[in-house]
Amino acid sequence: MAAEELSNKRVIFKDYVTGYPKEEDMILTSATVPSKVPQGSTAVLLKNLYLSCDPYMRGRMSKPINHSYTDAFTPGSVIIGYGVSKVVDSGHPDFSPGDLVWGITGWEEYTLVTAPKGLTKIKYTDVPLSYYTGILGMPGLTAYVGFHEICSPKKGETVYVSAASGAVGQLVGQFAKLMGCYVVGSAGTKEKVGLLKTKFGFDDAFNYKEEEDLDAALKRCFPDGIDIYFENVGGKMLDAVLLNMRVHGRIAVCGLISQYNLTQREGIYNMTAIVTKRIKMQGFIEPDHKNLYPQFLEAVIQYIRDGQVVYVEDIAEGIEKAPSALIGLFTGRNVGKQVIPVASDA
């Protein structure tokens, strides 16, 4: 007997993008998917509950010219990214119907995952499931690794976080405060600057769009210099930070969002500071540090339960809103972690 077919709304990647992406670069379509995995396979069929919008996805929309840590999207195929899902059917011994998981899935209502090795079972459900797209998922581990492992922080050090109200930045600042550091963040609106100081506990914050001189802004906030910079922006911001780093400062390069949509990328002119100040500057990606996830999860779930860390999400309801939500990341429209609820877990 043939398996029942499930209606499946999907977001298709139209074609490679140059410059700023547009909603028209993604197409909402409908299809069907069998309700059972192929007999004899080790595939898993997922019902997607939450989809994640993340800045790294912009790189996957460009024509693959240079080697990257993640493949480009395929024109005409479903966009893929992180999400939270419920197992509908499984041929894999590690997964059973009803299991809640997070990991890479499709921008669609149902996804057949033929290689479920990258899926992680959700251990704790006393927090919002959407947290596994953010604070308890890839962005959370990114913040944890970048700050604790790459930056090797010490109590009393000065920490600067750019794009500080985003999915990663809001956590870096809070982890730094828990370490006893002095923390300043920057963001692009008055609302976000207010969140940094009142919600996330940053010692100070500024709106970079209102600063005519970024070097002067950093000197105002850090008269004695910066020990740790968590880099999310690049370009002019990085150039100004290099002038204000202290000797033996550390820079964790998580992202360079100011450069992602430029056809001609900005140069960095103050690189000599890396030598004169003996700065350690290191790029990193979350997949290289998956082994730390259990340690991270136990630490951060306790922070959440104890009220030591808070998390702000920006919710765009329904898969129809996914293209607009993703585009909004690159104009700063989101406030907090951008999440797309697709379905309930019922």
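Analyst: Helices (H or I, at least four residues) and strands (E, at least two) are DSSP runs, numbered from the N terminus. Contact means heavy atoms within 4.5 Å, and buried means under 20% relative accessible area, with exposed over 50% and partly exposed in between (1.4 Å probe, protein chains only). The model is predicted, so local features need pLDDT of at least 70 and side-chain atom pairs count only at pLDDT 80 or more, while totals for chains, interfaces and linings use all residues. Residues are numbered from 1 along each chain as its sequence is written, and side-chain values use heavy atoms, with hydrogens and water left out.

User: Which residues of helix 4 are buried, and what covers them?

Analyst: The buried residues of helix 4 are Leu214, Ala217, Leu218 and Cys221. Seen down the helix axis they fall within an arc of 95°, the arc being that of the directions from the axis to the C-beta atoms, and they therefore line one face of helix 4. Their cover includes strand 8, strand 9, strand 10, strand 11 (226-231) and helix 5 (235-244).

User: What makes Asp213 a cap of helix 4?

Analyst: A side-chain oxygen of Asp213 lies 3.0 Å from the backbone nitrogen of Asp215, at the N-terminal end of helix 4.

User: Why is the pair Lys219 and Asp215 called a salt bridge?

Analyst: The term requires a side-chain nitrogen of Lys or Arg within 4 Å of a carboxyl oxygen of Asp or Glu. The closest N and O atoms of Lys219 and Asp215 are 2.7 Å apart, so the pair qualifies. Both residues belong to helix 4 (residues 214-221), where a spacing of four residues separates them by about one helical turn. Lys219 has 41% relative accessibility and Asp215 has 21%, and both count as partly exposed.

User: How many salt bridges does a search of the whole structure find, and which parts does the pair of Asp126 and Arg305 tie together?

Analyst: The search finds 14 salt bridges. In one of them, the side chains of Asp126 and Arg305 meet with an N to O distance of 2.8 Å. Asp126 lies in the loop between strand 7 (120-121) and helix 1 (138-150), and Arg305 lies in helix 7 (residues 293-305), so the pair ties together parts that are 179 residues apart in sequence. Another is formed by Glu286 and Lys290, at 2.7 Å from N to O; Glu286 is buried, with a relative accessible area of 4%, whereas Lys290, at 34%, is partly exposed.

User: Is Ser162 buried or exposed, and with which side chain does its own side chain make a polar contact?

Analyst: Ser162, in the loop between strand 8 and helix 2 (169-178), has 0% relative accessibility and therefore counts as buried. Its side chain makes a polar contact with that of Tyr229 at 2.9 Å. Leaving aside neighbours within four places in sequence, the residues in contact with Ser162 include Ser186, Phe230 and Met237.

User: What is the phi of Ala163?

Analyst: Phi of Ala163 is near 45°, a positive value in a residue other than glycine. Most residues other than glycine have a negative phi. Ala163 lies in the loop between strand 8 and helix 2 and, at 32% relative accessibility, counts as partly exposed.

Terms used:
Polar contact = N/O pair within 3.5 Å; in protein donor to acceptor, adjacent residues only side chain to side chain.
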